[in-house]
Amino acid sequence: MLKIAVPNKGSLAETAAQMLDEAGYRGRRDGKELIVVDARNEVEFFFLRPRDIATYVGSGALDVGITGRDLLLDSGSPALEIEGLGFARSTFRFAGPAGRFGDARDLEGQRVASSYTGLVEQHLAQHGVTAELVRLDGAVESAVRLGVADAVADVVETGATLRAQGLEVFGEPILESEAVLITNDAGEHGTDKPGLATLKRRLDGVIVARDFVLVDYDIERSRLDAAIGIASGFESATVSPLHDPDWVAVRVMVRSQETNQIMDALADVGARAIIVTNIHAARI
């Protein structure tokens, strides 16, 4: 069986569980379950702390896992990222007192507080900077005001929390993170281990189903090329004849975020009966 590590709590857990459910895998019925066997799909799920998943996968104890890119890189694990999963996106950045620092080089010899000291150490080393790292498990924004650090490195969304503590972001982003699928090269099969290709294909299908919708419409044959120029489909549009030989029915996949603009443009070139349908599952 393919052994899969899944986050047991936190921001990664709910969406990861939902993706696996949409991909056709059995989830846990009780939040206290630590192991779930899905015999039909020949996989075994292990529910672990997100921070520990890269360690288990990297050691070869488990075959594959879902965790954050930031947690993977911070762990120092030899686990390998297969692909991003498109959720739990975040930006990791430095912040310090307003006007004090300009970029990472200004941190030479300074104290930097973070919950991701491994990640910060790697980034500073790439810039030839040596700093004293202070590991904190949370609320690093207070570290400067309390005199524990000169600067911090943390996930930044709006920056409002940092500004409330008199801090501002500086320098280039340390990392653009998101949930990722990871595996390892341990064992006989490495990244080709049985079941992994199926898992990846199913998760890819969930991502496509979330990012795309189906658009159906009718249009006169004489205007078909103009309509196809607006939305050509994932590979190519599906065009079917109608009872009226001068008209055709068209079906295309389009990105969901572009749906309304595409509908407007299709209507402008003469499309009628434009209908949008969500995609439940897909294989691309």
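**Ground rules**

I number residues from 1 along each chain as its sequence is written. The model is predicted, so local features need pLDDT of at least 70 and side-chain atom pairs count only at pLDDT 80 or more, while totals for chains, interfaces and linings use all residues; side-chain values use heavy atoms, with hydrogens and water left out.

**Entry 1: the cores**

I looked up the nonpolar cores. A nonpolar core is a set of buried Ala, Val, Leu, Ile, Met, Phe, Trp, Tyr and Cys residues joined through side-chain atoms within 4.5 Å. Buried means under 20% relative accessible area, exposed means over 50%, and partly exposed is in between (1.4 Å probe, protein chains only).

The largest nonpolar core has 40 residues. F45, F94, L107 and L199 touch the most other members. Domain 1 (2–88 + 178–209) and domain 2 (90–176) both give residues to this core, so it lies between them. The domain bounds come from an automatic or database domain assignment.

I then listed the contacts of L199, where contact means heavy atoms within 4.5 Å. Leaving aside neighbours within four places in sequence, L199 touches L2, I4, L20, Y25, V64 and L181. Apart from this core lies another, of 15 residues, with V213, L224, V254 and A271 among them.

**Entry 2**

Helices (H or I, at least four residues) and strands (E, at least two) are DSSP runs, numbered from the N terminus. Two strands pair if DSSP finds at least two bridges between them.

In what order do the 6 strands of the open sheet stand? The order is 2-3-1-4-11-5, with mixed pairing. Strand 2 (35–38) and strand 5 (80–84) are at the edges with a single partner strand each, so one side of each has no neighbour in the sheet. Neighbouring strands are turned by 25 degrees against each other on average, direction ignored. Axes here are lines fitted to C-alpha atoms, for helices over the stretch in contact, and angles run from 0 to 180 degrees between N-to-C directions.

I followed I4 across the sheet. Strand 1 (residues 2–7) pairs with strand 4 (residues 64–68) in the parallel sense over 2 bridges. There, I4 stands opposite V64. Strand 1 and strand 3 also run parallel, joined by 6 bridges. In strand 3, F45 is the bridge partner of I4. Strand 2 and strand 3 run antiparallel, with 4 bridges between them. V36 stands opposite F45.

Is strand 3 mostly covered or mostly open? Strand 3 is mostly covered, with 6 of its 6 residues buried. V43, F45 and F47 point one way, and E44, F46 and L48 point the other way.

**Entry 2: helices on that sheet**

Helix 2 (residues 50–59) lies across strand 1, strand 3 (43–48), strand 4 and strand 11 (179–183). Helix 2 runs at about 145 degrees to strand 4. Helix 6 (residues 196–211) packs on the sheet too, touching strand 1, strand 4, strand 5 and strand 11.

P50, I53, A54, V57 and G58 are buried in helix 2. Seen down the helix axis, they fall within an arc of 115 degrees, so they line one face of the helix. The arc is that of the directions from the helix axis to the C-beta atoms. G60 follows helix 2 with a positive phi near 90 degrees.

Strand 7 and strand 9 run parallel and share 3 bridges.

The buried residues of helix 4 (residues 117–126) are T117, G118, L119, V120, H123 and L124. Just after helix 4, G128 takes a positive phi of about 70 degrees.

**Entry 3: two loop residues**

Most residues other than glycine have a negative phi. I noted E42, whose phi is positive at about 55 degrees. E42 is in the loop between strand 2 and strand 3. At 56% relative accessibility, E42 counts as exposed.

A88 has a positive phi near 55 degrees. A88 is in the loop between strand 5 and strand 6. With a relative accessible area of 31%, A88 is partly exposed.
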